[in-house]
Amino acid sequence: MESSKQSGSLFIVATPIGNLKDLSQRAIETLSSVDWIAAEDTRHSKPLLLHFAINKPLISLHDHNERERIAGIQERLLQGENGALISDAGTPLINDPGYHLVKALRDVGLSVVPVPGPSAVITALCAAGMPTDRFSYEGFLPARAPKRLQALQALVTERRTMVFYESPHRLQASLQAMLEVFGADRQAVAAKELTKQYEQFVGDDLGELVAYFEANPDRVRGEFVVMLAGAEMTSEPEENADDDLIRLLLKQALPVKQIAEIVSEYCGRKKKAVYQRTQELKDFLAEQ
């Protein structure tokens, strides 16, 4: 009896964010060996592939057609083909299409293999001189001013370094909104043209950032990574009724999520509120 054909794999391949030399040898070998490549914008990806003499059939996969492509890609893999997913730049799925595809493939047991490489988030963070032990990736802020302010106001108590992407035509509006919500003295750095000839890191605080781009509108070009310091806890939070129990459980080195589940069930409180409170106390105790 003829054995069934072994299923293929989808490789998630990171591509350069600017400097073509950043494409890894493993990425080149992978893209050269697969049967086809799914790309966010095939017109954008062709020059990169041609540069490395990679000639493979291209499948467009972007925000507007991703769900439509899933069945076809799944069938190709089941037939034993291997494919790769790339975005316009950087690591796929990080503010780029691919989540729905990857989830669908994993749900049916198909192999998804990461081929790591460049990422604008990590590239910017490692050279900005800001805390990196904990950070929060926030992606692009909403385009409309009221929702942009609302999104930022929800982050007022965030203590991790926050990382945003921003386009040139919305950069100054977003920085002004940050200035309004967080104040001029909040530490902030903007990075642009990462890995390229005119790579630039600007700013020590929001006030300086806003002033710089107002004075240098010619510098508002290309995609930006904006990094914003988290809020500082200058004093212990006001006492809550459940704090003693939370502190006791923290001393037992239990995870925050587990503590939130225990306290919310025992005290009849909402789990989300208990989780936030537990994280506040954990952060405060860690600084003592």
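View 1. Lying across here involves contact, meaning heavy atoms within 4.5 Å. Helices (H or I, at least four residues) and strands (E, at least two) are DSSP runs, numbered from the N terminus. Angles run from 0 to 180 degrees between N-to-C directions, and axes are lines fitted to C-alpha atoms, for helices over the stretch in contact. Helix H7 lies across E7 and E10, at about 5° to E10.

The model is predicted, with local features needing pLDDT of at least 70 and side-chain atom pairs counting only at pLDDT 80 or more, while totals for chains, interfaces and linings use all residues. Residues are numbered from 1 along each chain as its sequence is written, and side-chain values use heavy atoms, with hydrogens and water left out.

**View 2. The H7–H8 helix pair.** H7 (residues 171–182) packs with H8 (residues 206–215) at an angle of about 155°, their axes 10 Å apart. That makes H7 roughly antiparallel to H8 (angles under 35 degrees count as roughly parallel, over 145 as roughly antiparallel, 65 to 115 as roughly perpendicular and the rest as oblique). From H7, the contact involves Leu171, Gln172, Leu175, Gln176, Met178, Leu179 and Phe182; from H8, Leu206, Gly207, Leu209, Val210, Phe213 and Glu214. These residues divide into 9 nonpolar, 3 polar and 1 charged. Ala, Val, Leu, Ile, Met, Phe, Trp, Tyr, Cys and Pro count as nonpolar, Asp, Glu, Lys and Arg as charged, and the others, Gly among them, as polar.

**View 3. The mixed sheet around strand E8.** The order of this open sheet of 5 strands is E6-E7-E10-E8-E9, with mixed pairing. Its edge strands, E6 (135–140) and E9, each pair on one side only. Two strands pair if DSSP finds at least two bridges between them. E8 is joined to E10 (residues 224–228) by 5 bridges, the two running antiparallel, and alanine 191 has valine 225 of E10 as its bridge partner. Another 3 bridges join E8 to E9, also antiparallel; here lysine 192 is partnered by glutamine 200. E7 (residues 161–166) is antiparallel to E10 over 5 bridges, with glutamate 166 opposite phenylalanine 224.

View 4. In E8, 5 of 5 residues are buried (under 20% relative accessible area; exposed is over 50%, partly exposed in between, with a 1.4 Å probe and protein chains only). Ala188, Ala190 and Lys192 are on one side, Val189 and Ala191 on the other. Glutamate 193 sits in the loop between E8 (188–192) and E9 (200–202). Its phi is near 55°, a positive value in a residue other than glycine.

View 5. E1 (residues 9–13) pairs with E5 over 5 bridges, and phenylalanine 11 stands opposite valine 113 in E5.

**View 6. Alanine 53.** This residue is found in the loop between H2 and E3. Alanine 53 has phi near 55°, again positive in a residue other than glycine. At 70% relative accessibility, alanine 53 counts as exposed.
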